[in-house]
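Please have the sequence and the model open while reading.

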Amino acid sequence: MLWGAASAGSLRVQGLSVLSCPTDSAFKAVNLRAAGTLTASPNVSICLGGSTTLTASGGQTYTWTGGGQTFTGASITVTPTQTTTYTVQSTDGTCTYSRQVTVTVTATAVANAGSDLATCSGAPVTLGTAALTGYTYQWSPATGLSSATAAQPTLTLSNTTGAAQTFTYTLRATTANGCFATSTVQVVVNPVAVADAGPSRTTCSGVPVTLGTAALASSSYQWSPATGLSSATVAQPVLTPTNTTGAPQTLSYLVTVTTANGCTATSTVQVTVNPAAVADAGSDRAVCSAETTTLGTAPVAGTTYAWSPAAGLSSTTAAQPTFNLPNTGSAPRCTPIPSRPPPLRAARLLAPCG
């Protein structure tokens, strides 16, 4: 028998004998109650380590079971470590009702900002580790990063101070299910190295010239090439160049400066080396008093001349001046006449003739 609605009444049952004769009747009182209105919610997903609140309504008292635990109350907060189904029961004094909700636990997120790093001003470094499938990434701050949303961005920072600077970056990694984790990394940015090979120089073959500038504390130096240098590892080496050609030569020297923190910088200087001057006053000779003779050798293009002393010379600036000097004494007189530029070669003139 089916009842279409809640009601109270009685049931009568009567049997029949084998001869179809009715037996005595039995009566049973029946109180049919309405269906319960108990509800429970929500079915939810949480991240491992997270918690959620479950709520029941439509009953008078509430008892929850699940995950090996028992709770009482209309609302409970649970922190399951794996997917768990919770059952709530309620009674109205006569009937007991139950409902179920499931809490799905998803794996926790993994964030790895990478190992702490040290770099030099202006030198790029890579943060983080390889991206995980389904993850999104967010870095903060974004200063100096090639991307704030990449798993492994490139970081380039400048340090114009004279001391190392430390920066902290935080990575937030989020899974497709919305679970997230954070990780931090520290980056030490050392100050930039300073290299100064000095201004361009011009010198003559065989004439020393000093390169570079004063040494900086805790810095090492390496010059290249080492040809002609007094040292290839000092801040200010002395260069003694040689030019055996007839034209100026330009040499280039590079210095690499390395700080105690391993930061490097380079600088280049050019040195123009002019060929050595050639002086030839001619061979020694003997002349008579007031006799004229020519000193020196043919002039070299681009060369100037200076003779001393000027006594008896037709010119002190010609490559081949004439010499004429009387000797009123009774003995020969030797007159050295050097010419410049160096090296000097002197012509010795003897007068008078006997």
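The points below are grouped by topic, after a note on conventions.

This is a predicted model, in which local features need pLDDT of at least 70, side-chain atom pairs count only at pLDDT 80 or more, and totals for chains, interfaces and linings use all residues. Residues are numbered from 1 along each chain as its sequence is written, and side-chain values use heavy atoms, with hydrogens and water left out.

**Five-stranded sheet**

- An open sheet of five strands runs in the order S4-S10-S9-S6-S7, with mixed pairing; strands (E, at least two residues) are DSSP runs, numbered from the N terminus, and two of them pair if DSSP finds at least two bridges between them.
- Strand S4 (44-47) and S7 are the edge strands, each pairing on one side only.
- From one strand to the next the twist averages 25°, with axes taken as lines fitted to C-alpha atoms and angles running from 0 to 180 degrees between N-to-C directions.
- S9 and strand S10 (residues 96-106) run antiparallel and are joined by eight bridges, with Gln 89 opposite Ser 98 in S10.

- In strand S6 (residues 63-66), Trp 64 and Gly 66 form the covered face, while Thr 63 and Thr 65 form the uncovered one.
- S6 is antiparallel to strand S7 (residues 69-72), with four bridges between them, and Thr 63 stands opposite Thr 72 in S7.
- The hairpin of S6 and S7 has two residues between the strands, and Gly 67 in this hairpin takes a positive phi near 60°.
- Three bridges pair S6 with strand S9 (residues 84-91), also in the antiparallel sense; Val 88 in S9 is the bridge partner of Trp 64.

**Nonpolar cores**

- The largest nonpolar core has 20 residues, and those with the most contacts inside it include Leu 127, Trp 139 and Val 185; such a core is a set of buried Ala, Val, Leu, Ile, Met, Phe, Trp, Tyr and Cys residues joined through side-chain atoms within 4.5 Å.
- Strand S13 (136-140), S15 and S16 are the elements that give two or more residues to this core, and S16 provides the largest share, four residues.
- Another core, of 19 residues, lies apart from it and has Ala 197, Leu 229, Cys 263 and Val 269 among its members.
- Val 185 is in contact (heavy atoms within 4.5 Å) with residues including Leu 127, Trp 139, Phe 167 and Tyr 169, leaving aside its neighbours within four places in sequence.

**A buried loop residue**

- Thr 175 lies in the loop between strand S15 (165-174) and strand S16 (180-190).
- Thr 175 counts as buried because its relative accessibility is 13%; buried means under 20% relative accessible area, exposed over 50%, and partly exposed in between (1.4 Å probe, protein chains only).

- Most residues other than glycine have a negative phi, and most peptide bonds are trans.
- Ser 218, which is not a glycine, has a positive phi of about 65°; Ser 218 is exposed, at a relative accessible area of 58%.
- Ala 290 has a positive phi near 70° and is partly exposed, at 43% relative accessible area.
- The Ser 140 to Pro 141 peptide bond is cis, with omega near -10°.
- Ser 308 and Pro 309 are joined by a cis peptide bond, with omega about -5°.
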